Amino acid sequence: PNDMSDDLIAAHGEIETLMPFLHLPVQSGSDKILKAMNRKHTADSYRVLIERIRAARPDIAMSGDFIVGFPGETDEDFEDTLSLIDDIQYSQAFSFKYSPRPGTPAAGAEQVPEDIKVERLARLQEALLASQATFQNGCVGQTLPVLLDRPGKKDGQMMGRSPYLQNVHVLVDASQRGQIVPVTITEAHRTSLGGTLAT
């Protein structure tokens, strides 16, 4: 987050070739845990940064990284992370349980019990999937430019990527592979969208 300069934020609103998708890891919604991780941002500074990015590019979709069970993480710290997810609303995210890395200060600290890490990761992923589903469903009815890059599973079907990095399947001639085509989204799935070629 600290690498997002004013110029870079402005670029997302001014340069048309930049896609409306940004991966910006946050790791935790707890300031105490962020400090223990030696991160240079706070949860609120991250929220303000996202607001500024969305002001520059209102249609931007956010992706992030999260770690649960970092040494010292309490139930309250974890709830702070869930609150951040609720505030930001990610289109997708990566999430992991903390695992000690030899030679790091955290590796020698008292560890969060494994069963608690497992339970927190499950809750975190449930929240992230709900956020992702909201974003996916919001695409239904939109016409998106899709870069066709590979055959789909069904006959006559091609797969491609939306500007938000989603997989999109559409019935279209294979000769259009490598082209960007307008696709009206008609269905949303957990990790993909379906649509029809717009005319």
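# Briefing: helices, strands and a barrel

The buried residues of helix α4 are covered by elements that include α2 (31–36), α3 (43–56), β2 (61–68) and α5 (114–138). This is a predicted model: local features need pLDDT of at least 70, side-chain atom pairs count only at pLDDT 80 or more, and totals for chains, interfaces and linings use all residues. Residues are numbered from 1 along each chain as its sequence is written, and side-chain values use heavy atoms, with hydrogens and water left out. Helices (H or I, at least four residues) and strands (E, at least two) are DSSP runs, numbered from the N terminus. Contact means heavy atoms within 4.5 Å. Buried means under 20% relative accessible area, exposed over 50%, and partly exposed in between (1.4 Å probe, protein chains only).

**Helix α4**

- Helix α4 takes in residues 75–88. At 1.5 Å a residue, its 14 residues should span 20 Å, and its end C-alpha atoms are 20 Å apart, which agrees. The expected span of a helix is 1.5 Å times one less than its number of residues.
- Asp77, Phe78, Thr81, Leu82, Leu84, Ile85 and Ile88 are the buried residues of α4. Seen down the axis of α4, they fall within an arc of 155 degrees, so they line one face of the helix. The arc is that of the directions from the helix axis to the C-beta atoms.
- An α-helix has 3.6 residues a turn, so residues three or four places apart point the same way.
- Asp75, Glu76 and Asp86 are exposed, on the face of α4 turned away from its buried side.
- Gln89 follows α4, and its phi is positive, near 60 degrees.

**Helix α3**

- The 14 residues of α3 should span 20 Å at 1.5 Å a residue. The end C-alpha atoms of α3 are 20 Å apart, in agreement.
- In α3 the buried residues are Ala43, Tyr46, Arg47, Leu49, Ile50 and Ile53. Viewed down the axis of α3, these buried residues fall within an arc of 160 degrees, so they line one face of the helix.
- The face of α3 turned away from its buried side carries two exposed residues, Glu51 and Ala55.
- The cover over the buried residues of α3 includes α1, β1, α2, β2 and α4.

- Eight of the eight residues of β2 are buried, so β2 is largely enclosed by the rest of the structure.
- Both faces of β2 are covered. One side has Ala61, Ser63, Asp65 and Ile67, and the other has Met62, Gly64, Phe66 and Val68.
- Two strands pair if DSSP finds at least two bridges between them.
- Strand β1 (residues 21–23) runs parallel to β2, joined by three bridges. Leu22 stands opposite Met62 in β2.
- Strand β3 (residues 92–97) also pairs with β2 in the parallel sense, over six bridges. Asp65 has Phe94 in β3 as its bridge partner.
- β2, α4 and β3 make a right-handed β-α-β unit. A crossover is right-handed if, with the strands pointing away from the viewer, the path from the first strand over the helix to the second runs clockwise.

**The barrel**

- Five strands close into a barrel with mixed pairing, in the order β4-β5-β6-β8-β7. Neighbouring strands of this sheet are turned by 55 degrees against each other on average, direction ignored. Axes are lines fitted to C-alpha atoms, for helices over the stretch in contact, and angles run from 0 to 180 degrees between N-to-C directions.
- Strands β4 (residues 143–151) and β5 (residues 157–161) run antiparallel and are joined by four bridges. Leu148 has Gly160 in β5 as its bridge partner.
- Four bridges also join β6 to strand β8 (residues 192–197), and these two run parallel. Val170 is bridged to Gly195 in β8.
- Strand β7 (residues 180–188) runs antiparallel to β8, with five bridges. Ala188 stands opposite Leu193 in β8. β7 and β8 form a hairpin with three residues between them.

**Two histidines**

- His12 lies in helix α1 (residues 6–14). His12 is buried, with a relative accessible area of 7%.
- His12 and Arg57 are 45 residues apart along the chain, yet their C-alpha atoms are separated by 6.1 Å.
- Not counting residues up to four places away in sequence, His12 touches Met4, Leu18, Leu22, Arg57 and Ile60.
- His169 lies in strand β6 (residues 167–171). His169 counts as buried at 17% relative accessibility.
- Leaving aside neighbours within four places in sequence, the contacts of His169 include Gln157, Met158, Met159, Glu187 and His189. Ser192, Leu193, Gly194 and Gly195 are also among the contacts of His169.
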